[in-house]
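Student: Can we go through this one together? I'd like to begin with how residues get sorted by type.

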Amino acid sequence: MMQTDVLIIGQGICGTFLSGELNRAGLSYVVIDEERSLTASRVAAGLINPVTGRRLVKTWMIDELLPFVRGAYGELGEELGAGGEGTGAGFLRPVSVVDFFPTAQMRLAFLKRFEEDPAYLRLPEDEHQWDELFHYELGYGIIEPCYLVDMRELLAAARQRMIERGVLRAERFELPELAVEPGGVRYRDIEARWVVFCDGISSFTNPYFSRLPFAPNKGEVLIVEVPGMSLSEAMVFKKGMSLIPWKEGLYWVGSSYEWSFEDAGPTVAFRERTEAVLREWLRVPFRVVEHMAAVRPATLERRPFVGLHPLYPAVGILNGMGTKGCSLAPYFARQLVGLLASGVPVQADADILRFRKVLGRG
Ligand SMILES: Cc1cc2nc3c(=O)[nH]c(=O)nc-3n(C[C@H](O)[C@H](O)[C@H](O)COP(=O)(O)OP(=O)(O)OC[C@H]3O[C@@H](n4cnc5c(N)ncnc54)[C@H](O)[C@@H]3O)c2cc1C
């Protein structure tokens, strides 16, 4: 039998940060992750944007999250050997979002918000700076600082490190083989004090957690090549859709937010709609090189699911990051490790104990 402190199921952004935090706290772990190419973490643009919605209000906890993520990505980057020269933040880099106003109402909303609370907002010095590349009749505002996480590089580097340490099992986790006892869990040849589910949408059907109010949300994305465009890696463009540097001169364009869908795959309708938007928006030709889709592990009340099961204290979860995994996963991974290592409670509005009643019905 192999003994470990935590058995982590899933190596998306949640499992990756959980493993980093456990390391720092001196707790051991084994990760089981079946490599899938189209998971939420692999399809995500990696953007951390401090404002949201039509009224550009600050996102939940952002004043606290931004300094935290700078530190957390920096620490993980250092541990994985990605120094992030110039930013000191490993896989995270600062970017500015050029927010082209799609309608007159959106322009007004930006100006109003800027007057009331200019935090994270700026007006451009030269409204014509992007005339050669984009059509925009109503001007734009700038949102900064934002951050872009290189999710694919981060996940790959963390995975490589887990392989070197011999703590990764690249296979499918089979829930029926998990034995849960009050003092710990057993899975095949592994004995652990806790199992923590970081398995994204798989938790929706996990009998321990399927009663939590998950709200799956599908997102589709196009990866495009734009030969006439060589933009700074520090800029993200938005006009309804976002255009975000991806890799090797390619751009990520998306995404959709679908609460009701038949399957998780890419659709012709999204591709046609997005190509039409791009033709109207860009002044230069583009070519679609890839079309991807994934389901976000979102929640009805838009708050994460973190903590230990009220009936099975050896079973935990770090999930429900919705559209904001890049900023929420590091923060709540640290809280969960605080709970496991020192018994410090998770903050109440993220702790799954708020669903004690539904989870407690055996
Ligand atoms: C199109 C799109 C764009 C997005 N853009 C952004 C963005 O710009 N910024 C942002 O902050 N967030 C963004 N998100 C949201 C973000 O991707 C999610 O919040 C986050 O990735 C969720 O991470 P996770 O680790 O919980 O789940 P996942 O990334 O789904 O990881 C779960 C892991 O568990 C593994 N797994 C599942 N079941 C099993 C099993 N039975 N056995 C073994 N392994 C298993 C999977 O293979 C996977 O590796 C976006 C999401 C989408 C879909």
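Student: What should I know about the model?

Tutor: It is predicted: local features need pLDDT of at least 70, side-chain atom pairs count only at pLDDT 80 or more, and totals for chains, interfaces and linings use all residues. Residues are numbered from 1 along each chain as its sequence is written, and side-chain values use heavy atoms, with hydrogens and water left out.

Student: Which polar side-chain atom lies 2.7 Å from a ligand oxygen?

Tutor: One belonging to D33. A polar contact is a pair of N or O atoms within 3.5 Å; within protein, one must be able to donate a hydrogen and the other to accept it, and residues adjacent in sequence count only if both atoms are side-chain atoms. The backbone takes part too: an N or O atom of A40 lies 3.1 Å from a ligand oxygen, and a polar backbone atom of C326 is 2.9 Å from an oxygen of the ligand.

Student: How much of the ligand's accessible area does the protein cover?

Tutor: 96% of the 1,000 Å² that the ligand has on its own. Those areas come from the Shrake-Rupley method with a 1.4 Å probe; for residues, only the protein chains shown count as cover.

Student: Tell me about helix 7. Is it mostly covered or mostly open?

Tutor: Mostly covered: 14 of its 18 residues are buried. Buried means under 20% relative accessible area, exposed over 50%, partly exposed in between (1.4 Å probe, protein chains only).

Student: What about the length of helix 7?

Tutor: At 1.5 Å a residue, residues 325-342 should span 26 Å, and the end C-alpha atoms are 25 Å apart, which agrees. The expected span is 1.5 Å times one less than the number of residues. G343 follows helix 7, with a positive phi near 70°.

Student: New topic. Where are the cis peptides?

Tutor: One joins E144 and P145, with omega about 0°. P145 sits in strand 8 (residues 140-149). Another runs from G254 to S255, with omega near -5°. S255 is in the loop between strand 16 (250-254) and helix 6 (268-281).

Student: Why pick those out?

Tutor: Most residues other than glycine have a negative phi, and most peptide bonds are trans.

Student: Which residues other than glycine have a positive phi?

Tutor: M61, at about 65°, and R302, near 55°, are among them. M61 lies in the loop between strand 5 (57-58) and helix 3 (62-79). R302 lies in the loop between strand 17 and strand 18 (305-308).

Student: Is M61 buried or exposed? And R302?

Tutor: M61 is buried, with a relative accessible area of 15%. R302 is exposed, at 60%.

Methods: Helices (H or I, at least four residues) and strands (E, at least two) are DSSP runs, numbered from the N terminus.
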